[in-house]
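Reader: I would like to go through some of the labels used for this entry. Please set each one against its cut-off.

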Amino acid sequence: MAIERDGASRKFGAEVRRRRVQAGISQTRLAEMIPTSQSAISDIELGKIHAKEDQAVRIDKELASDGKLLALWKSHYDGYEPPDWYRKVPEMERRSSQIQDYQALVVTGLLQTEDYARATIRAGDRLASDDQVEAKVRERLTRQEILQGTDAPFLVAVIDELVLSRRLGDPKIMREQLQHLCKASTWDRVEVLIVPSSTWNPPGVDGSFRLLKVPGAGTILYREAGSTGGVIIDPEAVDEHVSLMGDLRAVALPPDQSRALLEGAQGEYT
């Protein structure tokens, strides 16, 4: 649904003010940078007027928002649609310098074994034909190739401990998947962190999500929610999930203890 102009102006203005205050810059100083008047900055922040595109570009640059403010402005005023690659997860992953992935239900697709991937795809869509399942498996395995190159992104895989006891496929498939996670956790550019099931009031109960740091595009949020999942460009939502990822990493076991837990969990599948 389209956002009314006044509502859009208030939302954009509130985000400008939040980032300006966070940067420790006064309205007068920001006005000098643009350049415009202090009263104009005040009116933009209060939503009394909508910023022009060249103003949005300058504000985005001076507040170092990595394109987030400009994307917010365009989404409200310019019928903005992100480029095609922005909506394609594999392409986003290839462009990323860092991927932070939280999974509450299954192992992240970038670290799934072939058999585990097949089992998760089959469990998620029991009506899919064998050809459809195999096509998705091949696609998932192809995505994993980005972790093998010399310019591989740094992957932080945060996984809820309950994922380790969610039985998919058969005991052999689960054992091999846990072994693969252990091996991956020793790779130079991969970190596997387990959130213990004993954690009280754990963050992240709303579901899985992924943060991708893409040079030239800033941090991109991808929410996984079945058929409604997808890219979210709202800067407020992105910042909220950056904070949420920080909370998840804080309660997760450190890498060596996470690896030890993974090794112990393999005994469930003898």
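Reader: Which residue in β5 does Arg210 stand opposite?

Author: Arg210 stands opposite Tyr222 in β5. This is a predicted model, in which local features need pLDDT of at least 70 and side-chain atom pairs count only at pLDDT 80 or more, while totals for chains, interfaces and linings use all residues. Residues are numbered from 1 along each chain as its sequence is written, and side-chain values use heavy atoms, with hydrogens and water left out.

Reader: What makes β4 and β5 a pair?

Author: Two strands (DSSP E runs of at least two residues, numbered from the N terminus) pair if DSSP finds at least two bridges between them. β4 and β5 (residues 218–223) have six bridges, in the antiparallel sense, so they meet the definition. They form a hairpin with three residues between them, and Gly216 in the turn has a positive phi of about 90 degrees.

Reader: How many bridges join β1 to β4?

Author: Five bridges join β1 (residues 98–103) to β4, and these strands run antiparallel. Gln100 has Leu211 in β4 as its bridge partner.

Reader: Why is Arg19 called buried?

Author: Buried means under 20% relative accessible area, exposed over 50%, and partly exposed in between, with a 1.4 Å probe and protein chains only. Arg19 has 8%, so it is buried. In β4 (residues 209–214), five of the six residues are buried.

Reader: Which residues does Arg19 contact, leaving aside neighbours within four places in sequence?

Author: Contact means heavy atoms within 4.5 Å. Arg19 is in contact with Leu63, Ser65, Lys68, Leu69, Pro235 and Asp239, leaving aside those neighbours.

How values were computed
Helices (H or I, at least four residues) and strands (E, at least two) are DSSP runs, numbered from the N terminus.
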